[in-house]
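This report walks through a set of local geometric features. Keep the sequence and the 3D view open while reading.

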Amino acid sequence: MNLKSKTDKVGRNDPCPCGSGLKYKKCCLAKSGGHPPDLEETYLRKYGIRLKKNPDIEGIRQAGQLVLDTLNLVESKITPGRVTDEINTLVHEYTIKNGATPAPLNYRGFPKSVCVSVNEVICHGIPGNRVLKDGDIVNVDVTSILNGYYADANKTFFAGNPDNDARKIVSIARECLKRGMSAVKPGNTLGDVGWSIQTYAEAQGCSVVREFVGHGVGFDFHETPQIPHFGHKGAGITLIPGMVFTIEPMINLGQKELRVLDDNWTAITRDGSLSAQFEQTVLVTEDGHESLTPYEL
């Protein structure tokens with residue numbers, strides 16, 4: 001990916017791509033003596049962001065395809081009467097069968113191979129003996145490591161026949177991801193992504209969880225930068241080609257506050273309201289973005 005040619009398109013009076021808040025002519029253009037700076041080095045030094053090159057992107061894309069295949073397999077099993085630990089077994093066995101590793105297993109002590117979050121559970125639900133009931137909403141979050149590359153995606157499914165509240169929150173969460181991804185392009189900022197999500201969710205009378213955010217991904221499970229799902233237009237790090245990160249807004253039907261259960265993982269809505277989430281792994285390209293875990297929104 002030719003980052004240098006992209007920098008040539010930055011105008012002298014545009015915000016500097018390094019994210020300093022200064023105009024390009026007053027920042028990196030001046031520092032480089034009029035020549036485009038090495039953005040790869042700048043972003044690594046300033047933010048700890050490791051840009052991905054074409055071989056890396058292809059590796060993440062292949063891992064992403066396995067994640068999608070896994071989610072498609074899981075979808076057919078989300079039915080009333082299913083025990084959440086059965087979903088874990090399915091994900092674990094399918095991942096191993098395809099030569100990959102389930103990233104959540106033993107990550108900082110997480111005991112399972114997938115997160116399964118039902119109804120009021122916002123995220124990090126530990127599969128166990130919970131039995132799915134008719135009308136439940138079920139988020140399944142899959143991260144696979146294939147040939148050393150990580151890809152991460154999740155979906156919220158219906159078990160049986162959902163009520164109107166369940167349909168509403170799932171629809172809004174799906175649209176939040178769509179709007180967040182639409183803000184991803186070179187020259188936009190992380191604040192633009194968060195603003196796009198927050199303004200839509202709150203306009204629908206819902207709330208955005210603050211404590212959990214998206215993250216860089218690809219070489220590791222969680223990399224910099226963090227991707228808040230709330231924020232202000234124009235704020236935060238400027239997006240440039242080669243950045244790969246997740247967008248994964250957690251949207252509550254009620255208030256945004258949460259609490260974490262005694263297992264130190266399971267996060268639930270404090271008011272007991274429903275919560276839904278959708279996630280994809282996104283690449284910033286030369287002229288926009290590409291999902292490396294693409295599914296229809």
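## Basis

The model is predicted: local features need pLDDT of at least 70, side-chain atom pairs count only at pLDDT 80 or more, and totals for chains, interfaces and linings use all residues. Residues are numbered from 1 along each chain as its sequence is written, and side-chain values use heavy atoms, with hydrogens and water left out.

Strands, labelled E, are DSSP runs of at least two residues; helices, labelled H or I, need at least four; both are numbered from the N terminus. Buried means under 20% relative accessible area, exposed over 50%, and partly exposed in between, with a 1.4 Å probe and protein chains only.

## Aromatic rings

A pair of aromatic rings is described by the distance of the centres and the angle of the planes. Rings of Phe, Tyr and Trp (its six-membered ring) pair if their centres lie within 6.5 Å; planes under 30 degrees apart count as stacked, over 60 as edge-to-face and the rest as tilted. The count by this rule is five aromatic pairs. One of them joins Tyr107 and Phe221: the centres are 4.7 Å apart and the planes stand at 55 degrees, so the pair is tilted. This pair links distant parts of the chain, 114 residues apart. Tyr107 is in the loop between strand E1 (101-102) and strand E2 (115-118), and Phe221 is in the loop between strand E7 (214-216) and strand E8 (223-227). Tyr107 is partly exposed, because its relative accessibility is 21%. Phe221, at 8%, counts as buried.

Phe221 also pairs with Tyr150. This pair is stacked, with 6.2 Å centre to centre and 25 degrees between the planes. Tyr150 is buried, with a relative accessible area of 15%. Tyr107, Tyr150 and Phe221 form one aromatic cluster.

## Charges over rings

A charge sits over a ring if NZ of Lys or CZ of Arg is within 6 Å of the ring centre and within 35 degrees of the ring normal. Lys52 places its charged end over the ring of Phe219, 4.6 Å from the centre. Arg167 lies over the face of Phe158, at 5.6 Å from the ring centre.

## The largest pocket

Pockets are found on a 1 Å grid over the protein atoms alone: a pocket is an open set of points where a 1.4 Å probe fits, with protein on both sides within 12 Å along at least five of seven lines, and lining residues have an atom within 4 Å of a point. Points are joined across faces, edges and corners, and a volume is the space filled by probe spheres set on them.

The largest pocket has a volume of about 540 Å³. Its lining has 25 residues. His124, Phe212, Val213, His215 and His222 lie nearest the centre. E2, strand E4 (137-146) and E7 each give two or more residues to this lining. E4 gives the most, with three residues.

## Backbone geometry

Most residues other than glycine have a negative phi, and most peptide bonds are trans. Which residues are joined by a cis peptide bond? Thr224 and Pro225 are, with omega about 5 degrees. Pro225 is in strand E8.

Asn119 has a positive phi of about 55 degrees. Asn119 sits in the loop between E2 and strand E3 (121-123) and is buried, at 13% relative accessible area. His124 has a positive phi near 65 degrees. His124 lies in the loop between E3 and E4 and is partly exposed, at 25%.

His289 lies in strand E15 (residues 289-291). With 34% relative accessibility, His289 is partly exposed. Contact means heavy atoms within 4.5 Å. Leaving out residues up to four places away in sequence, His289 touches Met181, Ser182, Val184, Val282, Leu283 and Val284. The His289 side chain reaches the backbone oxygen of Met181 at 3.2 Å. The C-alpha atoms of His289 and Lys185 are 5.8 Å apart, although 104 residues separate them along the chain.

Ala276 is in strand E13 (residues 275-277). Ala276 is buried, with a relative accessible area of 1%. Beyond four places in sequence, its contacts include Ile137, Thr156, Ile169 and Val170. Ala276 and His289 are 13 residues apart along the chain, with 24 Å between their C-alpha atoms.

Terms used. A polar contact is a pair of N or O atoms within 3.5 Å; within protein, one must be able to donate a hydrogen and the other to accept it, and residues adjacent in sequence count only if both atoms are side-chain atoms.
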